[in-house]
Amino acid sequence: MRIFSGIQPTGRKHLGNYIGAIAQYVSSQERGEGIFCIVDLHAITVAYDPAELRERCYDTAAILLAAGIDPARSILFRQSDVPEHTELTWLLSSVTELGRLQRMHQFRDKSIAQRELVSAGLLLYPVLQAADVLAYRAQEVPVGEDQREHLELMRDVARRFNARFGGDEEVLVVPEHRIPEVGARIMDLQDPSSKMSTTGGSEQGTVYVLDEPQAIEKKLKSAVTDSGSEVRRAAEKPGISNLIEILAAVRGVDPAAVESEFSAARYGEFKLAVASAVVDYLTPVRERFQELRGDEAALESILGEGAQRAHALASQTLADVREHMGVGAPRAA
């Protein structure tokens, strides 16, 4: 099985990113061929600082490697180093509905936030995302719940391309999504009605992957809880429900097991246990990151080698797409 996922190089990675995406990447290496892309072209669809973008790409690469991505088993690369992504985006735009792109939640939300320029790139973001995956004929895409809409669009784009140009051949693979059963939506510790986020969330409510243990403990000890004293999941207990989800995810157990273990515990005792587990979970990654991040030449070498391997795969798909669309010179007989 071929598994693809892309990760933004913007912002500091937080616990929600790690549980919902990065940890899924690492575990997927046991199930198939992993292809992991740092999507710097997606990052330029909104206002950004060029120097910071380069730094964030290295930060993201180091975090992925520190988490357990093995470049000997998987392909890790920077999106802009493989030009097939952008050409395939243009070709796929011919089978993508404009109205649907305009209705995408991410486009509507981000366009409202742009004061100076709503770029065409922001509108075409989902088409580039589709090209990212379809270029590698990946069968599976590990995503968070918030990416379901984009995954459905890329599935429809693949189907429409195959119906229009494929004839009896499946030129593009229609991918399946994989959303984690536990930890798909980690919420802000201070506002459990909102997802943990580096942009819209609160600093005190966001646990970053590279936070020091003392900072993690402080944030979790001050996490918002709910009325009552029972450690259980319920609609009226979003704060405690979120902490249960976090502890279950970092331990790799069912949330019901957490509820059972802490059925007689007070909130303070429970939050201490969550804090301790999260510190143990993230400390090895933070320490390994510090070792890796200082050697940018080594990171660049890994990304460059990954780009070569990615290009070898994506170029085959692009050649097939061009042939079926009648674009460019025909293949030699």
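Q: How do strands S1 and S2 pair, and over how many bridges?
A: S1 (residues 2-7) and S2 (residues 33-38) run in the parallel sense, with six bridges. Strands here are DSSP runs (E, at least two residues), as helices are (H or I, at least four), numbered from the N terminus; two strands pair if DSSP finds at least two bridges between them.

Q: Is this an experimental or a predicted model?
A: It's a predicted model: local features need pLDDT of at least 70, side-chain atom pairs count only at pLDDT 80 or more, and totals for chains, interfaces and linings use all residues. Residues are numbered from 1 along each chain as its sequence is written, and side-chain values use heavy atoms, with hydrogens and water left out.

Q: Back to the strands: what stands opposite Ile 38 in S2?
A: Ile 7 does.

Q: And what does S2 do with S3?
A: S2 pairs with S3 (residues 75-78) as well, in the parallel sense over four bridges. There, Ile 35 has Ile 75 as its bridge partner.

Q: Is S2 mostly covered or uncovered?
A: Mostly covered: five of its six residues are buried (under 20% relative accessible area with a 1.4 Å probe, protein chains only; over 50% is exposed, in between is partly exposed).

Q: New topic. Which residues touch the most other members of the largest nonpolar core?
A: Leu 243, Phe 270 and Val 278, out of 57 residues. A core is a set of buried Ala, Val, Leu, Ile, Met, Phe, Trp, Tyr and Cys residues joined through side-chain atoms within 4.5 Å.

Q: Which helix gives the largest share of this core?
A: H12 (267-293), with twelve residues.

Q: What else is in a core?
A: There's a second, separate one of 44 residues, and Phe 4, Ala 135, Ile 179 and Ala 184 are among them.

Q: How many aromatic pairs are there?
A: Six, from a search of the whole structure. Rings of Phe, Tyr and Trp (its six-membered ring) pair if their centres lie within 6.5 Å; planes under 30 degrees apart are stacked, over 60 edge-to-face, the rest tilted.

Q: How are Phe 4 and Tyr 136 arranged?
A: They're stacked, 5.5 Å centre to centre with 10 degrees between the planes. The two sit 132 residues apart, Phe 4 in S1 and Tyr 136 in the loop between H7 (120-134) and S4 (140-142).

Q: Why is the pair of Phe 262 and Phe 270 edge-to-face?
A: Because their planes are at 65 degrees, with the centres 5.1 Å apart. Both residues are buried.
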